[in-house]
Amino acid sequence: MRTKQQLTKDIRRERRAVLVVNARSRRGRQLYEDAHARLLAAGFKLLGAYAVDRDLEKSLERALDQGPDLLVAGGGDGTISTAGRMLAHRDVALGLLPLGTTNNFARTVGIQPSLDEAIATLVDGHVIDVDLGVAGDMPFTNHVGAGLSAEVMISAPSRLKRVIGRLAYPITALGLLTRHRPLRVTVRADGVEQVFLTHQVYVANGGFHAGRPITADAHADDRLLVAYPVGGGTRRELLRETARNALTGHRRTLHERPFLAVGELWLETDRPAHVEVDGEPCGSTPLRIALDANALRIMAPPGTPDL
């Protein structure tokens, strides 16, 4: 494995890259040609370029077989999470084109959902390494959700997401909430057990959820998972806490309730609950969630801290 500094130098000098865009993401099909042209204009030697409607993993495997220094992945959090899982502990950096609905992981590492900013990061950025979460045996970049969010991810229409973006999720959630029953959730970590009644619980590796900061100090490079319920057992509490998180996340810290910041935890519910991992359905509870520290190398904007 090259050092991060050497990999940065090689990317800047050789410009050996591959491009994989999920055409089913919100802006993937629309911006694929533009992204392709901009990478060439920036001097990248594209060893392969793929606009993918299905079989994303196979396309990523083909891309990696080309031997790039940089794999540029375009899409939403599910796409980035899949690419991150496949690049874990490999001598290849992941470049992010945030073309999805909420783009939480890109925001966590300081890349806003602008193609201009994303391309500038690939040109002028540097390689850092960040943590991956591991849900069961599934690595992930950003978060695990159990309860209502998993039902929303299963139910939210793809066409609605493309048309109105992240508003598709609360609209779908409001429709499901009328018949959703709260869960009794147990979180065990560091010898401590916490129990709460809620419609929704998250475990985050990154610093953003639904396009908003979780707290001011949550990040994907801090060796911590952040577990937190959203509201209590009533629908009113869920709605109130969802609004509070969206409006005040940038002012809150990991030391406040209800956040639990740990390196590993066990998540149980009083009945099996669907689980989503970075916006993709992924089994059900109970579930062990842990960290794989510094497992993924990414291209980050100049000045991004690297712990």
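Biologist: Why is Asp-306 called partly exposed?

Modeller: Its relative accessible area is 31%. Buried means under 20%, exposed means over 50%, and partly exposed is what lies in between (1.4 Å probe, protein chains only). Since 31% falls in between, Asp-306 counts as partly exposed. Bear in mind that this is a predicted model: local features need pLDDT of at least 70, side-chain atom pairs count only at pLDDT 80 or more, and totals for chains, interfaces and linings use all residues. Residues are numbered from 1 along each chain as its sequence is written, and side-chain values use heavy atoms, with hydrogens and water left out.

Biologist: How do you know that Asp-306 and Lys-4 meet in a salt bridge?

Modeller: A salt bridge needs a side-chain nitrogen of Lys or Arg within 4 Å of a carboxyl oxygen of Asp or Glu. Here the N to O distance is 2.7 Å, so the pair passes. Lys-4, at 18% relative accessibility, is under the limit and counts as buried.

Biologist: What makes this pair a tie between separate parts of the chain?

Modeller: Lys-4 sits in helix H1 (residues 4–14) and Asp-306 in the segment after strand E18 (287–300), so the bridge ties together parts 302 residues apart in sequence. Those names come from DSSP runs, numbered from the N terminus: helices (H or I) have at least four residues and strands (E) at least two.

Biologist: How many salt bridges turn up in the whole structure?

Modeller: The search finds 20. One of them joins Asp-10 and Arg-13, with the closest N and O atoms 2.6 Å apart. Because these two are three residues apart in helix H1, about one helical turn separates them.

Biologist: What makes Arg-85 and Glu-57 a salt bridge?

Modeller: Their N to O distance is 3.1 Å, so it is within 4 Å. The pair links distant parts of the chain: Arg-85 in helix H4 (residues 77–87) and Glu-57 in helix H3 (residues 56–65), 28 residues apart. At 21%, Arg-85 is partly exposed, and Glu-57, at 40%, gets that label as well.

Biologist: Why are H3 and H4 called oblique?

Modeller: Their axes come within 10 Å and cross at roughly 45 degrees. Axes are lines fitted to C-alpha atoms, for helices over the stretch in contact, and angles run from 0 to 180 degrees between N-to-C directions. Under 35 degrees is roughly parallel, over 145 roughly antiparallel, 65 to 115 roughly perpendicular and the rest oblique. Roughly 45 degrees falls in the rest, and therefore H3 and H4 are oblique to each other.

Biologist: Now the rings. Why is the Tyr-202 and Tyr-228 pair called tilted?

Modeller: The search finds two aromatic pairs. In this one, Tyr-202 and Tyr-228 are 5.7 Å centre to centre, with 40 degrees between the planes. Rings of Phe, Tyr and Trp (its six-membered ring) pair if their centres lie within 6.5 Å; planes under 30 degrees apart are stacked, over 60 edge-to-face, and the rest tilted. At 40 degrees, the pair lands in the rest, so it is tilted.

Biologist: And what makes Tyr-228 and Phe-259 edge-to-face?

Modeller: Their planes are 65 degrees apart, so that is over 60, and the centres are 5.4 Å apart. Tyr-228 lies in strand E13 and Phe-259 in the loop between helix H10 (235–248) and strand E14 (260–262), so the pair ties together parts 31 residues apart in sequence. Tyr-228 and Phe-259 are both buried. Ring pairs link Tyr-202, Tyr-228 and Phe-259 into a cluster.

Biologist: One last stop, Asp-190: is this residue buried or exposed?

Modeller: At 64% relative accessibility, Asp-190 counts as exposed. Asp-190 also has a positive phi of about 50 degrees although it is not a glycine.
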